[in-house]
Amino acid sequence: LTRSLDDLAAAHVCALLRRAGLTVAPGAVVEREAVHAAFSTVAAYRPLVDALLGLLADDGILAADAGLLRFEPAVAAVGDPAELTAEIVRAHPDQAEDLAYLDHCVSHYPQVLSGALAGTEVLLPDGSDERQRALIDRRLAFSDIPLYRGLIARTVARLSAEAGGRPLRILEIGAGRGYLTWNVVEELRDLPDVEYTFTDLGRSFVLDGQREARERGLTNMRFGVLDITRDPAPQGFPAASFDLVLAFNVLHATPDLRQAVR
Ligand SMILES: C[S@@+](CC[C@H](N)C(=O)[O-])C[C@H]1O[C@@H](n2cnc3c(N)ncnc32)[C@H](O)[C@@H]1O
């Protein structure tokens, strides 16, 4: 499956380049800047386009020499994305929905790369994260998330046990849909003297988190909106008011990692 997905990724990238009017054939040469011009790539998406080209280079399909790109003979073997998708779905029917979502996303790349459409409108059609959540739920078992959240949950439980009766005050930043939260708080459920504060930049995540905690009958949780790119104190989170700060898959979203960690 992994190999087929790699082939599919290369096929999608080649199809996108063709759709942008570029010649994708053995020996064809194109300047990197001409690729960006063909996509009318906005500055924010230049690294993404470069990464897509890098993906072809990794597969030996494209040779990159400074600003010049040359298609290698291997490009002749790159398949058609629709046919490859159908083949993968025949062999792995459980991948059908994820591949349909991938197809939906890739088909909008030209508008997104040129800035005509926000990426979030593609990922979250009609403002709903239903499709994205379903994908994440299906992918969980294949990801490293269960490993990390299990380790974090056990570490937090151990720290709480070692706190010697002092309350352990935990702050989670960017808790989002709670992929980390619920594992950790369930692990701590029976421990006295633990206060878990669930925060996110998005108020809707905080309200959903509050509802979920009620449904789970969790009483040791607090909730609040917190933007970690700004000073927490004026936002209601004074300095040194927590013993432990957790952030899972969050800090990469801030413009300055060092400042966010500080
Ligand atoms: C990829 S999600 C991860 C959510 C959750 N931690 C998880 O693992 O499921 C990133 C989260 O960070 C939040 N976020 C982004 N920028 C933030 C900021 N400046 N301050 C706090 N949270 C932020 C987003 O709203 C989103 O919920």
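## Ala 64 and the β2–β3 pairing

In this predicted model, Ala 64 stands opposite Leu 69 of strand β3, and the two strands concerned, β2 and β3 (residues 68–71), run antiparallel and are joined by four bridges. Strands here are DSSP runs of E with at least two residues, and helices are runs of H or I with at least four residues, numbered from the N terminus; two strands pair if DSSP finds at least two bridges between them.

β2 and β3 belong to an open sheet of three strands in the order β1-β3-β2, with antiparallel pairing. Its edge strands, each pairing on one side only, are β1 (29–31) and β2 (62–65). On average, neighbouring strands of this sheet are turned by 25° against each other, direction ignored.

Helix α2 (residues 32–39) packs on the sheet and touches β1, β2 and β3, its direction making about 75° with that of β1. Contact means heavy atoms within 4.5 Å, while axes are lines fitted to C-alpha atoms, for helices over the stretch in contact, with angles running from 0 to 180 degrees between N-to-C directions.

## Positive phi in two loops

Ala 240, in the loop between β6 (221–225) and β7 (244–247), has a positive phi of about 60° although it is not a glycine. Ala 240 is exposed, at 74% relative accessibility, where exposed means over 50% relative accessible area, buried under 20% and partly exposed in between (1.4 Å probe, protein chains only).

Asn 249, in the loop between β7 and α12 (257–261), likewise is not a glycine and has a positive phi, near 65°; Asn 249 is exposed, with a relative accessible area of 59%.

## Basis of the values

Residues are numbered from 1 along each chain as its sequence is written, and side-chain values use heavy atoms, leaving out hydrogens and water. As the model is predicted, local features need pLDDT of at least 70 and side-chain atom pairs count only at pLDDT 80 or more, whereas totals for chains, interfaces and linings use all residues.
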